[in-house]
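Have a look at it first, then read on.

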Amino acid sequence: MYELSPDGNGNYSFQVIHIFGKTGQSYYPVVLDPSGNLIGVAFGGSADPAGFVFKLTHSGSAWDYSLLHGFDGNNGFGPNAVMVAASGNLFGVTNAGGVAGCSNDSGCGVVFELTNP
Amino acid sequence: MAARGYSLVHNRITTIALLLISTTALPVSAQSFSIIHHFRGGASAGNPAFQLVEDTAGNLYGTTSWGGAVRQCQGNGCGGVYRLSPNGNQWTYTELYDFHAAAPYNLILDAEGNLYGALSGGGTYGAGLVFELSPTSAGPWTFTPLYSFTGGSDGSLPAAVLTLDAEGNLYGTTRYGGDSANLGIVFELSPQPGGVWTEQVLWDFTFRSNAGYNPNAGVVFDPQGNLYGTTDQAAANGNGTVYKLTKGASGWTATLLYQFTDGTDGADPEAPVAIDAAGICMAPPLREEIRRAHLGPAPCMSCRLTATETIHSR
């Protein structure tokens, strides 16, 4: 995960702020919550192969990583980008999963809410 | 389409046994997770996609990439637009519109509660269109096609979320089309008296420009009125760029801000940038094969986004 910052002279510096290992892909944008934390989703990996929601909290010059929620298929499969509602809660969708016996290309999926993220 | 994409991604991930390595990952238990709506397949819309948008009343709006009343789009339906309305401790689900030619990308809302989006397909010429969905007092939402791309110099196949300015103009990109080499454009759509919308091509991507080409993401404004976006390709190495469009006396000019190297910095950005007070943060780049297998460009609806490094799968 990285950031491009202007240096004031018309140029931009590139900084990696978090590295996922050879993990599930993270291809949706992360969002800032009202406290300045970065929240995003990723897909795959051994622990939560159906995807997960993570948070990066700014700590000095570093960003601390934490897992907010892991999907197991029964509660959704493949989260898309989340959004921060006016209430501060997170809302998002999974593109599949959530219904037993419903294959990934059969029109399933869920809308989820994460409170107190 | 989307769900098949997930299957491909899942199979790919399974096959190559990718593992998450994060030494600082800690579960957080303070928050609670709940499912506020299940899509169950069948005749209804399904496979929700992209990012939700919220209106001032707390209603959520989203799109699906599957289902709907018309069984087109490879027999699975083309998806639609739905609303989830808070109702005490419950959420009321309403399907607002079903599409007939292509699945919608994610939506934006204006101050009056109208929704705008793009279809990468369909329209008068089959090259995609920009639409508006408007609430009515009678209940059903009104679908209005605002502009159909011809597939020529005006662009072909919009593939990203739109941007709205204070005057009600819409901005976006098409992945293909344009005068130069069918490498995509940045466009502005402006409402005219009588309900007609006219298009202006702000930038026509070329091989010669170092700003890149074939955008998969939309554009966003900074406070000075400059536009920023990303491209999937670049003349120098094919790994994509971040570009800036500046308006001058003779029109808009694109300049290169960053060119990906396909090294530790990733490659093939797929999502738009967003501007914060400190600078530009980016959404995740994707490798092309992952993008094709997935849903396409990611949205950018919030104040600040940061990029996720591309994970190389081979």
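A residue counts as buried here if 20 or more other C-beta atoms lie within 10 Å of its own, as exposed if there are 12 or fewer, and as partly exposed in between, with C-beta atoms placed from the backbone.

Some housekeeping before the details. This is a predicted model, so local features need pLDDT of at least 70 and side-chain atom pairs count only at pLDDT 80 or more, while totals for chains, interfaces and linings use all residues. Residues are numbered from 1 along each chain as its sequence is written, and chains are lettered from A and ligands numbered from 1 in the order in which they are written.

**The two chains at a glance**

- Chain A has zero helices and ten strands, where helices (H or I, at least four residues) and strands (E, at least two) are DSSP runs numbered from the N terminus.
- Chain B, on the other hand, comes to two helices and 20 strands.
- Of the 117 residues in chain A, 56% are buried; for the 314 residues of chain B the figure is 50%.
- Two residues are in contact if their C-beta atoms, placed from the backbone, lie within 7 Å. Taking contacts between residues at least 6 apart in sequence, 28% of those in chain A join residues at least 24 apart, and in chain B 47% do.

**Confidence in chain A**

- Chain A has a mean pLDDT of 79, and 78% of its residues reach 70 or more; pLDDT is the predictor's confidence in each residue, from 0 to 100.
- Among the elements of chain A, strand 10 has the highest mean pLDDT (94) and strand 1 (residues 2-6) the lowest (68).

**The nonpolar core**

- The largest nonpolar core has 87 residues, and those with the most contacts inside it are A:V53, A:V82, B:V130 and B:L162. Such a core is a set of buried Ala, Val, Leu, Ile, Met, Phe, Trp, Tyr and Cys residues joined through C-beta atoms within 7 Å.
- Which strand gives this core its largest share? That's strand 10 (residues 108-115) of chain A, with five residues.
- Leaving out residues up to four places away in sequence, B:V130 touches B:Y116, B:A118, B:L146, B:Y147, B:P158, B:L162, B:L170, B:G172 and B:L189.

**Sheets and pairings**

- In chain A, an open sheet of four strands runs in the order 3-4-5-6, with antiparallel pairing; two strands pair if DSSP finds at least two bridges between them. Its edge strands are strand 3 (31-32) and strand 6 (62-70), each pairing on one side only.
- Strand 5 (residues 52-59) of chain A is joined to strand 6 of chain A by eight bridges, running antiparallel. The bridge partner of A:H58 in strand 6 is A:W63.
- Chain B has an open sheet of four strands too, ordered 15-16-17-18 with antiparallel pairing. Strand 15 (220-221) and strand 18 (251-259) of chain B each have a single partner strand, so one side of each is left without a neighbour in the sheet.
- Eight bridges link strand 17 (residues 241-248) of chain B to strand 18 of chain B, antiparallel, and B:K244 sits opposite B:T255 in strand 18.
- Elsewhere in chain B, four bridges join the antiparallel strand 3 (residues 60-66) and strand 4 (residues 80-87), with B:Y82 in strand 4 as the bridge partner of B:G62.
- Strand 4 of chain B also has eight bridges to strand 5 of chain B, again antiparallel, and B:L84 stands opposite B:Y93 in strand 5. The two strands form a hairpin with two residues between them, and B:G88 in the turn has a positive phi of about 65°.

**Residues worth a click**

- Most residues other than glycine have a negative phi.
- B:F50 isn't a glycine, yet has a positive phi of about 65°. B:F50 is found in strand 2 (residues 46-54) of chain B and counts as buried, with 30 C-beta neighbours inside 10 Å.
- B:N182, also not a glycine, has a positive phi of about 60°. Where is B:N182 found? Look in the loop between strand 12 (170-176) and strand 13 (185-191) of chain B; with 19 other C-beta atoms within 10 Å, B:N182 is partly exposed.
- B:P104 lies in the loop between strand 5 (90-98) and strand 6 (108-109) of chain B. Not counting residues up to four places away in sequence, B:P104 touches B:T63, B:G79, B:V81, B:F99, B:G117 and B:L119.
- B:P104 and B:T136 are 32 residues apart in sequence and 21 Å apart in space, C-alpha to C-alpha.
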